[in-house]
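I opened this notebook to record what I looked up about charged side-chain pairs and one further residue. The entries follow in the order in which I made them.

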Amino acid sequence: IVGGLLCHGFAEGAERRFPDPEVLASLRYFTQSWREHYNSGDAEYCGSAYVEDAPVLLRLGPAAPDIEKLTGWKDPHLVRGTAAIKLFWNETFAVLGLRNLQEETSGLESTELVIDDDTIVVGRSFTFDQVRGRVSSEMWVRVGQEWKLRSSIFEILDQMAPIVGPAPASTPQANSPVSAPSPAATPAAAAPAPPAALTTAEARSSHTGLMIVLLAISGLVTALCLHRNRRRKQAIIAGFEEMLG
């Protein structure tokens, strides 16, 4: 009887709600999202993806001299807790300049072990632009509706290029000629605007003023002519009077 009860209890403890493929499928979004956020430099998200007391262990391998020079990390490098993990991933991206993370998630380079409905252990190969290595063990646990990282162990196996930090922003060389902007790119000087057309009232007022000026000039000329004729007439009369004595 005791043996039967023990077997029954063990069987109940081993009951599963979902088959392995469904459990693995529910994790896909979280692993892909983590990789995308890392490649965008979002260390805050990457650290928050771990449970509060999670450990992360990195074996530096052949990249140890370059990494130690830039960060002071010793081999192996261990951090624990979300605050330290956020700093770890920020230094990996912003100080070491490890970019373009790619992961092998299928085939012989990847292993996925479903422990139960809420626990998965994965291993896979990864590459950055400068190094490649392997995720020896990465444990994911289901927390509510999300999957969180419980622990991670990474190791760098090969270094393809020196790790010198992020590439500096490109700046123009001091002696490089600066090309003048093409005429098409230079805005043309604004042409003077044509005079605004006069309104009917303004044209009529202008015409009236001109007529007044012309009449004034004509009157002045007429007055001068009359004055000259009068003086000439007076001179002629005076001459006749002198002749008549």
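**Entry 1: salt bridges**

I counted 12 salt bridges, taking a salt bridge as a side-chain nitrogen of Lys or Arg within 4 Å of a carboxyl oxygen of Asp or Glu. I note that this is a predicted model, in which local features need pLDDT of at least 70 and side-chain atom pairs count only at pLDDT 80 or more, while totals for chains, interfaces and linings use all residues. Residues are numbered from 1 along each chain as its sequence is written, and side-chain values use heavy atoms, with hydrogens and water left out.

**Entry 2: Arg-16 and Asp-20**

I looked up Arg-16 and found a salt bridge with Asp-20, with 2.9 Å between the closest N and O atoms. Arg-16 is partly exposed at 36%, and Asp-20 is partly exposed at 33%.

**Entry 3: Arg-17 and Asp-118**

I next recorded a salt bridge between the side chains of Arg-17 and Asp-118, at 3.2 Å from N to O. This pair links distant parts of the chain, 101 residues apart: Arg-17 is in the loop between helix H1 (2-13) and helix H2 (20-39), and Asp-118 is in the loop between strand S4 (110-116) and strand S5 (119-127). Helices (H or I, at least four residues) and strands (E, at least two) are DSSP runs, numbered from the N terminus. Arg-17 is exposed at 56% relative accessibility, whereas Asp-118 is partly exposed at 28%.

**Entry 4: Arg-132 and Asp-158**

I found Arg-132 in a salt bridge with Asp-158, the closest N and O atoms lying 2.9 Å apart. Arg-132 belongs to strand S6 (residues 131-143) and Asp-158 to strand S7 (residues 146-159), so the pair ties together parts that are 26 residues apart in sequence. Arg-132 is partly exposed at 39%, and Asp-158 is partly exposed at 28%.

I also noted one network, in which salt bridges that share partners join Arg-16, Arg-17, Asp-20, Asp-117, Asp-118 and Arg-142.

**Entry 5: Thr-71**

Is Thr-71 buried or exposed? I found that Thr-71 counts as buried, at 19% relative accessibility, and that this residue is in helix H4 (residues 64-71). A polar atom of the Thr-71 side chain lies 2.7 Å from the backbone oxygen of Ile-67. A polar atom of that side chain also lies 3.2 Å from the backbone nitrogen of Trp-73. Leaving aside residues up to four places away in sequence, Thr-71 touches Val-95 and Leu-96, contact meaning heavy atoms within 4.5 Å.

Note on methods. Buried < 20%, exposed > 50% of the residue type's maximum accessible area, 1.4 Å probe, protein only. Polar contact = N/O pair within 3.5 Å; in protein donor to acceptor, adjacent residues only side chain to side chain.
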